[in-house]
Structure formats: C-alpha cells, structure tokens
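I opened a new model today and kept notes as I went. Here is the structure I worked from.

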Amino acid sequence: MMHVVFILSLILPQMMYAQVCDTDPNAVLASMFYSLGNDCETYLPLFASDAQFYHQINGYKNKSELSAVCTGYGGFCPTDECFFQQNGALFAVENGDRCEVLAPFLWSQIPANNKVPNNREPHSGFIHNTLIPDSSAEFGYTIEVFREIEDSYTVPFNWGASDDSSVQSWTIELLNQAASSGECDAPLQPLLTTYFGDKSAAATDDLYRQQGNAVVIAAGGVCHVLIPYSAVVSNEIVSGRVSIVLTPVNNESYTLASEVWFPSDSVVVQQEIECESAAASTISSWSHVFIVAIVAVVVCIGIF
C-alpha cells in the first residue's frame, strides 16, 4: 500500500485570490519545473505565442527561442542531474485579466558543482509568472511572461539609510558576468526609497517600508526588481513582496513601467497529505481543483 507524502495546494473556500486565478496555478508551475530540459514537447505549449522570457544567464528570449532554451538546458542538465523545483507555497493575485504568480524555487546540479570559479550553486530565488487564463490549455493557463529572479543578484540594503547605493557596484559586477546590458546599473535605492515614500504619502496614516535586499534581473532592456516590504494599511499590519519593472533612462535613472503587489495573504495554502486516501478525500471535497488530481497522480507515481 502506497503512503507517499506530497504537497497538494488547496484553494480555500473564502477564495484568497480573485476570479482570474480560480484555477489552481500550481499545476502549470509544476509542469514547467519538471518539463524544462526533460520534455520540451510539454514545456513549449505552456507558453503563449507572444511569451516573454527573462533570465539573468540566458537573457531575454521570445517564444521562438524557447525551444533552444529547453533543449540547451536538457543538454546541460540531463534528467536527475539537476534540481529545479518549487520551494514552498506560491502567491497569486489578479492583475486585470491576468493571474500573477510568485513562487519560491531552488536550483542546483546534483551533486552541486563547486569546481567552477565563481559558481553560485545551489541557489534560491523566485519565479514571477504572468499567466493568461485559457480553458483550452492543459492546465488552465498559458505563461505570458516568465521571470526567474535569482537571489544571487541582490542589491544590498542599508537599514540605516535606505537610499544608500554605495555598494550597488557589487551587484553590477555580478550582472556584468551574465546577460546584463546595463539595465540595472543606475542607482536603485534612491528610487525605491522614493517609491515606498510616495506609496505611504498617497494614503493618510498608511506606511510602507522596504524590508531587506531587493533582487534584480537585468535583461531585455528593462530592470526587474523584487522587493520585500512591510506596511500598516488601514490600521492592519501586512507584509509581502512587490515586483516592479523599470525602464532605464540614460543609465542615470528609471521610469516605472509596471508593478505587482504580492501581499502575504495572497498565498495559495499548501498541505501535506497522503496520496492514497487523503488526496481522494480532499479532491472530492473541492471539485473546482480537479486539475490538482492530475498533479497528485504524477507526484504519487514518482515522476518528480
């Protein structure tokens, strides 16, 4: 009798994320993590026809270039020789007619490669995907924008002087070893200090503060920045992360192109259950997460 324990995501009855995120987004992410390099026939249809792909090592790619990304990764990391997996609960929020998801991840070769100079594995980070709800897609979504935000590329935060960018050169040096064309070279902390200050000033008695190092991707002509924050909003204390896209201006400043807030209460709750009995019981109680049953079967038979 099989008693494999796995992580199953459940949509809470109070619907912690909005209608465009009603289909459980964990399934499409699980397929994305597993199929990269292992099954490119599954990987490529996960992405929309006009998909955008941002990665600090691979740089910016469009949909037509993702086949080479997938096969190239498979050549570098054959099955079972690398670990690329979600590392905890994801966050999901509505953004117009798109579902924005933020998922922590871990990556490493197995065993970890410590023989390459300046190699930074294993490493962690976040995947920020913009999903298009699509009833014809296998998992209910296609990926419109993929961003792998690797923790290696942090921007040091001075808690005593939040606008201090004096050691951002550390980050720039690392970015220049990868796909950067200078998208994140202009000082970031003065902009982020103003950004949170303006957010606070826009609402009486609300206060927003950065809570540690931002992490960046410099690729494709824009600077993606993921920032942890805490805030008191309407007398309630909250926390989370905000993902912003900045367009560099003459390598001296930036304009804000977009922002997505992931408050902590947008988390998609995960619970550990047993495949054989509890999974069937849970899924029968939550008919609107039928797709998770597919993920459960995949996990239980040992594909992951």
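**Ground rules.** This is a predicted model, where local features need pLDDT of at least 70 and side-chain atom pairs count only at pLDDT 80 or more, while totals for chains, interfaces and linings use all residues. Residues are numbered from 1 along each chain as its sequence is written, and side-chain values use heavy atoms, with hydrogens and water left out.

**Confidence.** I looked up pLDDT, the predictor's confidence in each residue, from 0 to 100. The protein's mean is 84, and 82% of its residues reach 70 or more. Residues 1-18 stay under 50. Residues 270-304 are also below 50.

**Overall build.** I found 7 helices and 15 strands. These are DSSP runs, numbered from the N terminus (helices: H or I, at least four residues; strands: E, at least two). Of the 304 residues, 47% are buried. Buried means under 20% relative accessible area, exposed over 50%, and partly exposed in between (1.4 Å probe, protein chains only).

**Cores.** A nonpolar core is a set of buried Ala, Val, Leu, Ile, Met, Phe, Trp, Tyr and Cys residues joined through side-chain atoms within 4.5 Å. The largest has 35 residues, and Met-32 is one of those that touch the most other members. I listed the contacts of Met-32 (heavy atoms within 4.5 Å). Beyond four places in sequence, Met-32 touches Tyr-43, Leu-46, Ile-127, Asn-129, Ile-143 and Phe-146. A second, separate core has 23 residues, including Val-155 and Tyr-195.

**Helix α4.** Which residues of α4 are buried? In this helix, residues 168-175, they are Gln-168, Thr-171, Ile-172 and Leu-175. They sit on the same side because they cover an arc of only 100 degrees around the axis (taken from the directions from the helix axis to the C-beta atoms). Trp-170 and Glu-173 are exposed on the face turned away from that side. The buried residues pack against β9 (154-155), α5 (189-201) and β11 (214-219).

**Second largest pocket.** I noted about 650 Å³ of space here. His-55, Ile-57, Phe-76, Trp-107 and His-123 lie nearest the centre, among 30 lining residues. α3 gives the most to the lining, with 5 residues. A pocket is an open set of points on a 1 Å grid over the protein atoms alone, where a 1.4 Å probe fits, with protein on both sides within 12 Å along at least five of seven lines; lining residues have an atom within 4 Å of a point. Points are joined across faces, edges and corners, and the volume is the space filled by probe spheres set on them.
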